[in-house]
Amino acid sequence: MTSLPLTIRHELPADAAAIERLHERAFGPGRFARTAFRLREGVPPDPALTFAAHVGTFLVGSIRVTPVMAGGQGALMLGPLTVDPAFEGRGIGAALMNRSIEAARAGGHDLIMLVGDAPYYARFGFRVIPPGQLVLPGPADPARFLALELVEGVLAQRRGAVTAIR
């Protein structure tokens with residue numbers, strides 16, 4: 001973990017502009033075309049599961065989680081997880097992931113999905129969703145469509161479209 005004086009707290013409305021700048025630096029303008037962004041577009045993240053990391057007053061990381069439907073049942077879509085490039089490799093992303101996962105579990109949620117790097121997210125318990133079991137609303141590499149069961153066996157019960165809740 002980081003030896004920085006790191007503070008992780010729920011994202012506040014005052015964090016929005018700094019988080020948007022962080023997303024812009026990390027993902028560029030192409031982020032708006034990504035399938036995961038389409039699920040989040042126009043849907044606010046769940047404030048109970050969304051966190052910001054600060055070193056002093058400087059925002060250095062963010063994690064957002066948005067409610068979605070997966071196979072006709074409620075689920076969560078994690079992302080984006082973003083860490084300022086100057087602070088990467090210091091455990092900030094892992095700290096944000098762990099905090100958000102703990103909050104989702106405590107909140108009674110049963111399934112978190114994301115589109116991301118399988119080797120990175122495997123350490124948190126995410127695994128590849130079997131191809132075709134759940135279908136995103138746009139293109140995504142099936143090897144990057146991952147899920148974490150917060151309730152054992154729940155993924156096997158989900159089949160069909162992943163859709164936004166609007």
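Me: Which residues in α3 are buried?
Reply: In α3, the buried ones are I92, G93, A94, A95, L96, M97, S100, I101, A103 and A104. Buried means under 20% relative accessible area, exposed means over 50%, and partly exposed is in between, using a 1.4 Å probe and protein chains only. Helices here are DSSP runs of H or I with at least four residues, strands are runs of E with at least two, and both are numbered from the N terminus.

Me: And what kind of model is this?
Reply: A predicted model: local features need pLDDT of at least 70, side-chain atom pairs count only at pLDDT 80 or more, and totals for chains, interfaces and linings use all residues. Residues are numbered from 1 along each chain as its sequence is written, and side-chain values use heavy atoms, leaving out hydrogens and water.

Me: Ok, back to α3. How far apart are its end C-alpha atoms?
Reply: They are 21 Å apart, which agrees with the 21 Å that 15 residues should span at 1.5 Å a residue. The expected span is 1.5 Å times one less than the number of residues.

Me: What follows α3?
Reply: G108, and its phi is positive, near 85°. For background, most residues other than glycine have a negative phi, and most peptide bonds are trans.

Me: Which peptide bond is cis, then?
Reply: The one from G79 to P80, with omega near -5°. P80 is in strand β4.

Me: Now the largest nonpolar core. Which residues touch the most other members?
Reply: L96, M97, I101, I112, Y121 and F126, out of 29 residues in that core. A nonpolar core is a set of buried Ala, Val, Leu, Ile, Met, Phe, Trp, Tyr and Cys residues joined through side-chain atoms within 4.5 Å. Two or more residues come from each of β2 (51–55), β3 (58–70), β4 (73–83), α3 (92–106), β5 (111–115) and β8 (145–149). The largest share, 8 residues, is from α3. As a general point, nonpolar side chains tend to be buried together in soluble globular proteins.

Me: What does F126 touch?
Reply: M97, I101, I112, L114, Y121, L146, A147 and L148, ignoring residues up to four places away in sequence. A contact is heavy atoms within 4.5 Å. Apart from that core lies another one, of 18 residues, including A36, M113, L134 and F145.

Me: What's its volume?
Reply: The second largest pocket has about 150 Å³. A pocket is an open set of points on a 1 Å grid over the protein atoms alone, where a 1.4 Å probe fits, with protein on both sides within 12 Å along at least five of seven lines; lining residues have an atom within 4 Å of a point. Points are joined across faces, edges and corners, and the volume is the space filled by probe spheres set on them.

Me: What about D15, buried or exposed?
Reply: D15 is buried, because its relative accessible area is 6%. D15 sits in the loop between β1 (6–10) and α1 (16–27). Beyond four places in sequence, D15 touches R9, H10, A52, H54 and L59.

Me: Where is G116?
Reply: In the loop between β5 and α4 (118–122). G116 has 3% relative accessibility, so it counts as buried. Leaving aside neighbours within four places, G116 is in contact with Y121, R144 and L146.
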